[in-house]
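Welcome, and take a moment to look around before reading on. The short report below will walk you through a few features one by one.

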Amino acid sequence: MYQNFSNNITVSIKTNFEERVIDTKNDTLIWHYTITIKNSSDRCIRLKSIEFSPVNEFGENNNHLSESFVDKNVIVKPDSEITRYGIIATENHSSIVFGKILAFTELDEDITIEIPTFSLDSPYYYYNTIN
């Protein structure tokens, strides 16, 4: 599990490799993620979106990683937490992922909450580096 604290919000993320989908052009690797958002501030926050920005093993941005949007009615009250689940799909066998949650407070102030940087490494990664 990876964890980060910013703007009085704790974000934890866990990923699990799910499967490898093979098509005629390339592989798609799928991870399930669980993200938990704990609000330690004194204000309610309403989520806008969750965004992921990956960098592959060559330092290149990977535009194939999914971006996850959340229901705009999701509110995290002070001293409470919520958990959401999603899927990340990429063509890279190894990626370092940066992310952020865009939200706003009950006073309509925009805030950015950093997601902890995490790694996605498929079980096929080592195999692909030696072949």
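## A residue to begin with

Does Ser 53 count as buried, partly exposed or exposed at 42% relative accessibility, and why? Ser 53 counts as partly exposed, because its relative accessibility is 42% and the class runs between buried, under 20% relative accessible area, and exposed, over 50% (1.4 Å probe, protein chains only).

Ser 53 has its place in strand 4. Leaving aside residues up to four places away in sequence, Ser 53 touches Ile 96, Val 97 and Phe 98; contact here means heavy atoms within 4.5 Å. Ser 53 and Gly 99 are 46 residues apart in sequence, yet 5.8 Å apart in space, C-alpha to C-alpha.

## About the model

This is a predicted model, in which local features need pLDDT of at least 70 and side-chain atom pairs count only at pLDDT 80 or more, while totals for chains, interfaces and linings use all residues. Residues are numbered from 1 along each chain as its sequence is written, and side-chain values use heavy atoms, with hydrogens and water left out.

## The chain as a whole

The protein chain has 1 helix and 9 strands, in the order β-β-β-β-β-β-β-β-β-α from the N terminus on. These elements are DSSP runs numbered from the N terminus: helices are H or I with at least four residues, strands are E with at least two.

Of the 131 residues in the protein chain, 39% are buried. Among contacts between residues at least 6 apart in sequence, 68% join residues at least 24 apart. The accessible surface comes to about 7,700 Å², and 46% of that belongs to carbon and sulfur atoms; the areas come from the Shrake-Rupley method with a 1.4 Å probe, and for residues only the protein chains shown count as cover.

## Aromatic pairs

You can find 4 aromatic pairs in the structure. One of them is edge-to-face, because the rings of Phe 17 and Trp 31 have their centres 5.3 Å apart and their planes at 75 degrees. This pair links distant parts of the chain, with Phe 17 in strand 2 (residues 9-22) and Trp 31 in strand 3 (residues 27-39), 14 residues apart. Rings of Phe, Tyr and Trp (its six-membered ring) pair if their centres lie within 6.5 Å; planes under 30 degrees apart count as stacked, over 60 as edge-to-face and the rest as tilted. Phe 17 is partly exposed at 25% relative accessibility, whereas Trp 31 is buried at 3%.

Tyr 33 and Phe 52 also form an edge-to-face pair, with ring centres 5.2 Å apart and planes at 75 degrees. Tyr 33 is buried at 2% relative accessibility, and Phe 52 is buried at 6%. Ring pairs link Tyr 2, Tyr 33, Phe 52 and Phe 118 into a cluster.
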